[in-house]
Amino acid sequence: MERAPGAFGGPKVELHVHLDGAIRPETILYFGRKREIPLPGDTVEELLKYVSYDTPLTLAQFLEKFNYYMPAIAGDREAVRRIAYEFVETKAKEGIAYVEVRYSPHLLANSGVDPIPWGQAEGDLTPDEVVQLVNQGLQDGERDFHIKARSILCCMHHMPSWSPEVVELCKKYRNNSVVAIDLAEGQPSEALKVEKDSEHKKAFEEAERCGIHRTVHAGEVGPAAMVKEAVYVLKAERIGHGYHVLEDPELYKELLRTKMHFEVCPWSSYLTGACSPDFTKHPVIQFKKDHANYSLNTDDPLILNSTIDKDYGIVKEHMGFTEEEFKRVNINAAQSSFLPEKEKQELLNQLYEAYGMVPSTS
């Protein structure tokens, strides 16, 4: 597949991108018209004026953007399957060899979910069927666009009552595209503690008991204590974002030692106000210097009006990233992916060959 050369031309691995934040604006317009659901614009340009932005907002303002367009997609079988399929096509064009895409099944459903999201009327699309449709879309995309795609199911911080079903869906579809569970913000509540006996904690304990992989959004806008909780209470194997871990040097040192993986999203961290607007002071520079285990990711490319090349371009221009560091970051991402060992090794071999590297024996 022909693609314009970006900051790094080799195959890439992406581990932190939200399906509902990566929908094509044309697809939103199509389903808005088809379902007669009002949208803030009738053209891609008009829609993007409301949905995307390019100067920093708060995380709360960022999350409000979903309200503009999710009613056009949620609750529609054709839409759910199509956004998954088109997502794989987009990532193939960006030179991604392997991607893990995350989403909340409940936020795309309109039945068997309380409350029903996005002000929808009750329908008959359950969270379970949402997962089946996304799996079909991803698998059809893999077949047609020759990359590998897997999914992560999100628990939502503000909706603990959904979490028991999320972990059950992870168990049910663990050999069918789904590779992990996540805990994501549904509103800027990251500073909430995970209660000792909360549904989130129980869901993650069940995931660990069943060998389901675990990643948690933490330390994006919240303090380092949230990262600590994600690691030691929820037993996270990877951290989504994690920038504020640097505020606790002891914790950071320990996570460096254990090779904890940080799913870094540079452009997102700027636009959500998670990090300093000065990229030369970004936590990723420290991660790079310390040879931390991290990856580069887009997070929500529709809202951030970006592609993976945007994030690679930022770190190349402002953080001194070299070809070697890009290779190292993608090898890290492959090693920290939630693929079964055999498939992980195949992915690593694919990268080593493309990069002209000798596989590491460490």
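This is a predicted model: local features need pLDDT of at least 70, side-chain atom pairs count only at pLDDT 80 or more; totals for chains, interfaces and linings use all residues.
1. Glu205 has a salt-bridge partner, Lys201, and the closest N and O atoms of the two are 2.6 Å apart. Both residues sit in helix α8, and because they are four residues apart there, about one helical turn separates them. Lys201 has a relative accessibility of 17%, so it counts as buried, the cut-off for that being under 20%.

2. While you're on helix α8, which covers residues 199–209, look at His200 too. His200 is buried, at 4% relative accessibility. A polar atom of its side chain lies 3.0 Å from the backbone oxygen of His157.

3. On to salt bridges in general. Side chains of opposite charge can pair when their charged atoms come close. How many salt bridges does a search of the whole structure find? The count comes to 32.

4. Lys91 and Glu14 are both buried.

5. Next, the stretch around Ser276, which is in the loop between α11 (266–271) and α12 (283–289). Ser276 is partly exposed, its relative accessible area being 30%. Its side chain reaches the backbone nitrogen of Asp278 at 3.0 Å. The side chain of Asp278, for its part, meets that of Lys281 in a salt bridge (3.0 Å, N to O). As for accessibility, Asp278 is partly exposed with a relative accessible area of 27%, whereas Lys281 is exposed at 60%.

6. Which residues do salt bridges with shared partners join into one network? They are Glu100, Arg102, Asp182, Arg238 and Glu263. I'd colour these five by charge when you go through the model.

7. His261 is in strand β7, which runs over residues 261–264. With a relative accessible area of 1%, His261 is buried. Its side chain and the side chain of Ser336 are joined by a polar contact of 3.2 Å.

8. Is Ile73 buried or exposed? Ile73 counts as buried, with 0% relative accessibility. You'll find Ile73 in helix α4 (residues 66–73). From Ile73 to Pro56 the separation is 17 residues in sequence and 26 Å in space, C-alpha to C-alpha.

9. Last, the surface. Glu26, Asp42, Glu45 and Glu46 gather there in a patch of negative charge. Of this group, Glu26 is found in helix α1 (residues 25–34). Glu26 is partly exposed, and its relative accessible area is 45%.

Notes. Residues are numbered from 1 along each chain as its sequence is written. Side-chain values use heavy atoms; hydrogens and water are left out. Patches are made of residues with over 30% relative accessible area and no salt bridge: like charges are joined within 9 Å, nonpolar side chains (Val, Leu, Ile, Met, Phe, Trp, Tyr) within 5 Å. Accessible areas come from the Shrake-Rupley method with a 1.4 Å probe; for residues, only the protein chains shown count as cover. A salt bridge is a side-chain nitrogen of Lys or Arg within 4 Å of a carboxyl oxygen of Asp or Glu. Lys and Arg count as positive and Asp and Glu as negative; His and the chain ends are not counted. The place of a charge is taken as NZ of Lys, CZ of Arg, CG of Asp or CD of Glu. Helices (H or I, at least four residues) and strands (E, at least two) are DSSP runs, numbered from the N terminus. Buried means under 20% relative accessible area, exposed over 50%, partly exposed in between (1.4 Å probe, protein chains only). A polar contact is a pair of N or O atoms within 3.5 Å; within protein, one must be able to donate a hydrogen and the other to accept it, and residues adjacent in sequence count only if both atoms are side-chain atoms.
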